[in-house]
Amino acid sequence: MKTTKTVRSAEESANGARDRQGGQRLRRRLRRADLRAVPEVRRALREFLSRWGKPGGAETAELLTSELVTNALVHTDSDAVLTATVGPRGLRVEVRDFLGRKPSLRPSNADERTHRDDTHGRGLVLVESLADEWGVRAHRVGKSVWFELNGGAA
C-alpha cells in the first residue's frame, strides 16, 4: 500500500501530464476540511488554463471549481481529489470524495431555506446554471461531482 506522501507525489507529478484522450491534466489531493486548499486550487487552475487554454475564460472555471472543492471539504469527512482536464472538447473538472451520499440542489424558495442556508447551499445551483454539462458519478467508494465547459475556458 502506498503512503500518503507517495500518493501525493504521484498526483502532483501528474500536473501538466497528458490524459488518455490527449488532453492536459491537473491533479491535486485535497486534505480533509482544509479550506486553505480552495484559493490554492483556484490559483493552480488559473495557471494551468493560462498554459493550455485561454486565460480570459478561466473565471467561470475557477468559480465552479471553488464550489465543488468547498462542497467536498465541508460536507464530507474525507480527503478529496481534484482532476482538471483540457482536451479537444473543452475543460472537464472533477472532484472526487469518498462519501457515498449524493449532493442535492438546495431549494431556491426563501421560505424553504433555513437561516444557515442563506449563505450556504447555492454552489450546485451555480454549477447547474453556468456549466455546459455537469453531473455526479458514483464510485465503489464515494463519488465524483464534475462539470464541463465547452470552449469558453479551454
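Helix 3 (residues 58–75) and helix 4 (residues 123–130) pack with axes that come within 9 Å and cross at roughly 145°. Axes here are lines fitted to C-alpha atoms, for helices over the stretch in contact, with angles running from 0 to 180 degrees between N-to-C directions. Helices (H or I, at least four residues) and strands (E, at least two) are DSSP runs, numbered from the N terminus. This is a predicted model, where local features need pLDDT of at least 70 and side-chain atom pairs count only at pLDDT 80 or more, while totals for chains, interfaces and linings use all residues. Residues are numbered from 1 along each chain as its sequence is written, and side-chain values use heavy atoms, with hydrogens and water left out.

**How the two helices meet**

- The crossing of helix 3 past helix 4 is left-handed, meaning that the near helix is turned anticlockwise from the far one by less than a right angle.
- On the helix 3 side, Thr 60, Leu 63, Leu 64, Glu 67, Leu 68 and Asn 71 meet Gly 123, Leu 124, Leu 126, Val 127 and Leu 130 of helix 4; contact means heavy atoms within 4.5 Å.
- Sort the residues of that contact and you get 7 nonpolar, 3 polar and 1 charged. Ala, Val, Leu, Ile, Met, Phe, Trp, Tyr, Cys and Pro count as nonpolar, Asp, Glu, Lys and Arg as charged, and the others, Gly among them, as polar.

**The hidden face of helix 4**

- Gly 123, Leu 124 and Val 127 are the buried residues of helix 4. Buried means under 20% relative accessible area, exposed over 50%, and partly exposed in between (1.4 Å probe, protein chains only).
- Looking down the axis of helix 4, its buried residues fall within an arc of 95°, so they line one face of the helix. The arc is that of the directions from the helix axis to the C-beta atoms.
- Their cover includes helix 3, strand 5 (133–138) and strand 6 (143–149).
- Val 127, in helix 4, is buried with a relative accessible area of 0%.
- Leaving out residues up to four places away in sequence, Val 127 touches Leu 64, Glu 67, Leu 68, Trp 134 and Phe 147.
- Val 127 and Thr 60 sit 67 residues apart in sequence, and their C-alpha atoms are 9.4 Å apart in space.

**Other spots to look at**

- Ser 66 belongs to helix 3 and is buried, at a relative accessible area of 8%. Beyond its neighbours within four places in sequence, Ser 66 is in contact with Val 38 and Arg 42.
- Ala 33 has a positive phi of about 60° although it is not a glycine. You'll find Ala 33 in the loop between strand 2 (24–30) and helix 2 (37–52), partly exposed with a relative accessible area of 48%.
- Arg 101 is in the loop between strand 4 (90–97) and helix 4, and is exposed with a relative accessible area of 55%.
- Not counting residues up to four places away in sequence, Arg 101 touches His 75 and Lys 143.

**The whole chain**

- There are 4 helices and 6 strands, and from the N terminus they run α-β-β-α-α-β-β-α-β-β.
- Of the 154 residues in the chain, 38% are buried.
- Among contacts between residues at least 6 apart in sequence, 57% join residues at least 24 apart.
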